[in-house]
Amino acid sequence: SEEELDGRIRAAKATLGDRVVILGHFYQREEVVQHADYVGDSFQLATAAKGRSDAEAIVFCGVHFMAETADLLSQPDQAVILPNLAAGCSMADMADIDQVEECWEQLEEVLGDLDAVDADGRVPVIPVTYMNSSAAIKGFVGRHGGIVCTSSNAQTVLEWAFERGRRVLFFPDQHLGRNTAKAMGVPLEQMPMWNPRRALGGSSATELVDARVILWHGFCSVHRRFTVGQIDQARAEHPGVRVIVHPECPMEVVDAADEAGSTEYIRRAIDEATEPTAFAIGTEINLVRRLAAQYPQHEIFCLDPVVCPCSTMYRIHPGYLAWVLEELVAGRTPNRITVSDDVADPARVALERMLAAKP
Ligand code: 13P
Ligand code: SF4
């Protein structure tokens, strides 16, 4: 039962003490989040993993790419544990390392030597990957002068990239790439999309030469469900409503909203509202429900009336959390996530560039 699991988790945690740190993403269910030592967005959890070098084990209640990132940023002797190995991210899976390598080769055919520096000191293209990608992709980016971003620092990172490159190749999320570049004034005509199933990504050589941002054909199946119609309805039913959506939503939705930002941005916007306010939120339901419970002075609801959890985040059932903690108590290290050295070194370079990029 839920109570029994809760008791097992508490008991194991008490035995382990400071030897273990539990990190929980905002999208985790309540029964898991309540046991986390840190709850945050993907950027905050990456820095939390880096900051807890005293703990022997980091139990990451989130998805696979987040656990890989924690392994990259933590100490070599720290074990990063993902309670359920089937917790992936369908968006991260949309950029496969072979497809990205192939894309790079095709770009080189069109744009010439990709390491050649022009008179302004810039190379033809800088690769930028969203945190929601495999360690192999982060390694690719690190090897080619590129950088990682999250939804909380995408604009800062794109500015960093434009100082060093004439163009950006952005993957896997087309929406975060498009929404961020548009907010920076990049015209849509200069954002062709790369579809890995087509030659030259489905673009002409001229479009690629003229491009400022080449977008990858990836998306989040949770965030693409939000629509302008839902925003219109929320505004009609709740006059004065503040509509805040995650930048993984399609461009029309971000344009129709009042604000767009990362999960931590959404939390902070609500936290800082002094007057009772209606908030219509375009992001994952577990976070929206938790915010509604935490801030009863506001009316907080999800834009999508049909419940839309992230099904892979949901795979971290409290039963798995209890199991991994009890294994740690018994001296075993189950479900350890380790990134191999050949990938880890360049991937760390790309992550450290992100951590050093300042607005
Ligand atoms: P955040 O970076 O806002 O935590 O988002 C991560 C994510 O997976 C959103 O779908
Ligand atoms: Fe991936 Fe979307 Fe789930 Fe975030 S909400 S982990 S992007 S599938």
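Q: What counts as a helix or a strand here?
A: Helices are DSSP runs of H or I with at least four residues, and strands are runs of E with at least two. Both are numbered from the N terminus. This protein has 15 helices and 13 strands. The model is predicted: local features need pLDDT of at least 70, side-chain atom pairs count only at pLDDT 80 or more, and totals for chains, interfaces and linings use all residues. Residues are numbered from 1 along each chain as its sequence is written, while chains are lettered from A and ligands numbered from 1 in the order in which they are written.

Q: Which radius of gyration would a compact globule with 359 residues have, and which does the protein have?
A: The radius is taken over C-alpha atoms, and the globule rule is 2.2 Å times the number of residues to the power 0.38. For 359 residues the rule gives a value near 21 Å; the protein has 21 Å, which agrees. Its C-alpha atoms fill a box of roughly 60 × 55 × 35 Å along the principal axes.

Q: What share of the residues is buried?
A: Count the other C-beta atoms, placed from the backbone, within 10 Å of a residue's own: 20 or more means buried, 12 or fewer exposed, and in between partly exposed. Here 48% of the 359 residues count as buried.

Q: Which residues of helix α12 are buried?
A: In α12 (residues 263-272) they are T263, I266, R267 and I270. They lie on the same side of α12, because they cover an arc of only 95° around the axis. That arc is taken from the directions from the helix axis to the C-beta atoms. R268 and E272 are exposed on the other side.

Q: What covers the buried residues of α12?
A: Contact means C-beta atoms, placed from the backbone, within 7 Å. The cover includes β10 (242-245), β12 (278-282), α13 (285-294) and β13 (299-302).

Q: Which way do the residues of strand β9 point?
A: In a regular strand the side chains alternate between the two faces of the sheet. In β9 (residues 213-216), V213 and L215 point one way, I214 and W216 the other way, and all are buried.

Q: Which strands run parallel to β9?
A: Two strands pair if DSSP finds at least two bridges between them. Three bridges join β7 (residues 165-171) to β9, in parallel. There, F170 has L215 as its bridge partner. Two bridges join β8 (residues 193-194) to β9, also parallel. W194 has W216 as its bridge partner.

Terms used:
Contact = placed C-beta atoms within 7 Å.
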